[in-house]
Amino acid sequence: MNTKTKKHQDPAQAEARRQQVLTAAADCFRRRGYHGAGMAEISKTAGMSPGHIYNYFVNKEAIIEAIVAQNMAEMFSMLSAFAQLEGDLLDALVDGADQGVEKNLNPAYSALQLEMLSEAARNDKVAALLRHADQSARAQIKALLTGPEGTLRSLPDHEVEARLELLSSVFNGLLVRAVLNPQLSRHELLLALKPWLRHLLSA
C-alpha cells in the first residue's frame with residue numbers, strides 16, 4: 001500500500017475495502033477457477049480499479065492467503081469458545097457438528113475450498129499455505145482434546161493423531177459430497193455422524 005493511502009485511509013474503511021476484494025475474489029474463483037479469474041475480473045466484480053486492489057494484495061496468491069487466514073480465524077474462535085465452556089466438552093463438540101456439516105456442505109464454500117485444493121496440486125506456494133493451515137488447525141484441536149479437560153488426554157499420542165486424521169478426513173470429504181450429492185440430507189447425516197463422533201472423541 002502506498003504512503004498516501006496508508007496515511008489518509010481510515011482503518012475501518014481500509015478493512016472494509018479489503019473484505020470487498022476478498023468477497024469478489026472468492027466469487028470469481030468459484031465461477032472461473034483460480035487461473036480463469038484474473039485481477040481485472042476480480043477488480044470489476046469488486047467495483048474498484050486493479051491499481052486500487054494492488055494497494056491491498058500484491059497478487060492472487062496473497063488473496064488466497066488472506067482467505068485461508070480468515071477461515072482459520074473463524075475456526076480458532078470456535079475452538080476458543082469450546083475451551084471456555086463450563087459444561088461437558090464432549091457434548092459441546094458433538095453438538096458443534098451441526099455447524100461444521102452445514103458449512104462444509106454449503107455449495108459456495110465447498111466450491112471455493114475445492115478450487116484452492118485443486119490449485120495446491122500444481123502450485124507449491126498455495127500448497128504450502130493450505131498445509132500450514134491444516135497443521136495449525138490440527139494442533140489447536142489436539143491441544144483442546146488432550147488438555148486438562150480434554151476427552152483424549154489419556155490416549156497415546158499416535159492414537160490421538162490417528163483419530164484427528166479420521167476427523168479431518170470426514171469433514172474434508174463433505175466438501176466433495178456437497179458437489180456429488182447436493183441433495184444430501186443434513187438431518188440424516190447428523191443422525192449417523194454424532195454417535196460416531198462421540199465414540200471417536202472419547203478415550
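Student: How many helices and strands does the protein chain have?
Tutor: In this predicted model, the chain has 11 helices and 0 strands. Following the sequence, you read α-α-α-α-α-α-α-α-α-α-α. The C-alpha trace spans about 55 × 40 × 30 Å along its principal axes.

Student: Okay, and how do I read a helix pair?
Tutor: Two packed helices are described by the angle and the distance between their axes. Take H2 (residues 11-36) and H5 (residues 60-83): their axes come within 10 Å and cross at roughly 110 degrees. Since angles of 65 to 115 degrees count as roughly perpendicular, that makes H2 roughly perpendicular to H5.

Student: Which residues make the contact?
Tutor: On the H2 side, look for Arg18, Gln19, Val21, Leu22, Ala25, Ala26, Phe29, Tyr34 and His35. H5 brings Lys60, Glu61, Ile63, Ile64, Ala66, Ile67 and Gln70. By class, the residues of this contact split into 10 nonpolar, 3 polar and 3 charged.

Student: Now the surface. Which residues make a nonpolar patch there?
Tutor: Val176, Val179 and Leu180 make one of about 270 Å².

Student: And where does valine 179 lie?
Tutor: Find helix H10, residues 157-180; valine 179 lies in that helix.

Definitions and conventions: Residues numbered from 1 in each chain as written. Predicted model: local features only at pLDDT ≥ 70, side-chain atom pairs only at ≥ 80, totals over all residues. Heavy atoms only, no water. Axes fitted to C-alpha atoms, helices over the stretch in contact; angles between N-to-C directions. Helix = DSSP H or I, 4+ residues; strand = E, 2+ residues; numbered from the N terminus. Parallel < 35°, antiparallel > 145°, perpendicular 65-115°, else oblique. Contact = heavy atoms within 4.5 Å. Nonpolar A, V, L, I, M, F, W, Y, C, P; charged D, E, K, R; others polar. Patch = residues over 30% accessible without salt bridge, like charges linked within 9 Å, V, L, I, M, F, W, Y side chains within 5 Å. Areas by Shrake-Rupley, 256 points an atom, 1.4 Å probe, with all protein chains shown as cover. Salt bridge = Lys/Arg side-chain N within 4 Å of Asp/Glu carboxyl O.
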